[in-house]
Amino acid sequence: SARSVILTANFLGMILIYTFLSMPFLPVAYLLPLLAAAGAALGILQPVSVALGNKIGKEHPGLVGAFTMGLVWCVSEMAGPGGVGLLSQFFTEDAPAKALMGLCMLYPVAIFAAFQLPREEKTPELAKVDVTAVE
């Protein structure tokens, strides 16, 4: 279900980003696949969220798209680069990594919000039809 994909991607993204930020001594051969996996985990969230939003709010697809793509982009741009820039002023050593770790403290909030998403209803199993039988 979309809810489980969002939960799993958030959880994996959190683990991979914290691993990347807390182990800068890893060789590049390990860091690049780690970053690629983190990007994949985080990159899948947007299209799945938009699809789930359109499934939930079928009556207003434009409004759903505006919120899930437009508003989220505005908030993330303000919190991401702007928030990390402001947080990095409070640190003297390895400021960008520490600021990103501070921003990553929002992952539990995202995971909690994902738990609040509605569960998908189980659809009844379709009746099995014997297609070989000819009348």
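Reader: What should I know about the model before we start?

Author: It is predicted, so local features need pLDDT of at least 70 and side-chain atom pairs count only at pLDDT 80 or more, while totals for chains, interfaces and linings use all residues. Residues are numbered from 1 along each chain as its sequence is written, and side-chain values use heavy atoms, with hydrogens and water left out.

Reader: What makes up the secondary structure of the protein chain?

Author: There are 6 helices and 0 strands, in the pattern α-α-α-α-α-α along the sequence. Helices (H or I, at least four residues) and strands (E, at least two) are DSSP runs, numbered from the N terminus.

Reader: Why is Asn10 called buried?

Author: Buried means under 20% relative accessible area, exposed over 50%, and partly exposed in between (1.4 Å probe, protein chains only). Asn10 has 7% relative accessibility, so it counts as buried. Asn10 sits in helix H1 (residues 2-22). Leaving aside residues up to four places away in sequence, Asn10 touches Leu45, Tyr107, Ala110, Ile111 and Ala114; contact means heavy atoms within 4.5 Å.

Reader: Which residues of H5 are buried, and what covers them?

Author: Ala95, Ala97 and Ala99 are buried in H5, and the cover includes H1 and H4. In the protein chain, buried residues make up 25% of the 135 residues.

Reader: Why are H2 and H3 called roughly parallel?

Author: The axes of helix H2 (residues 28-43) and helix H3 (residues 45-56) cross at roughly 10 degrees and come within 5 Å. Axes are lines fitted to C-alpha atoms, for helices over the stretch in contact, with angles from 0 to 180 degrees between N-to-C directions. Angles under 35 degrees count as roughly parallel, over 145 as roughly antiparallel, 65 to 115 as roughly perpendicular and the rest as oblique. H2 and H3 are therefore roughly parallel to each other. Ala41, Leu42 and Gly43 of H2 meet Leu45, Gln46 and Pro47 of H3 in this contact.

Reader: What is the lining of the largest pocket like by class?

Author: A pocket is an open set of points on a 1 Å grid over the protein atoms alone, where a 1.4 Å probe fits, with protein on both sides within 12 Å along at least five of seven lines; lining residues have an atom within 4 Å of a point. The lining has 25 residues, with Asn10, Leu45, Ser49, Val72 and Ala110 nearest the centre. By class, there are 18 nonpolar, 7 polar and no charged residues. Ala, Val, Leu, Ile, Met, Phe, Trp, Tyr, Cys and Pro count as nonpolar, Asp, Glu, Lys and Arg as charged, and the others, Gly among them, as polar.
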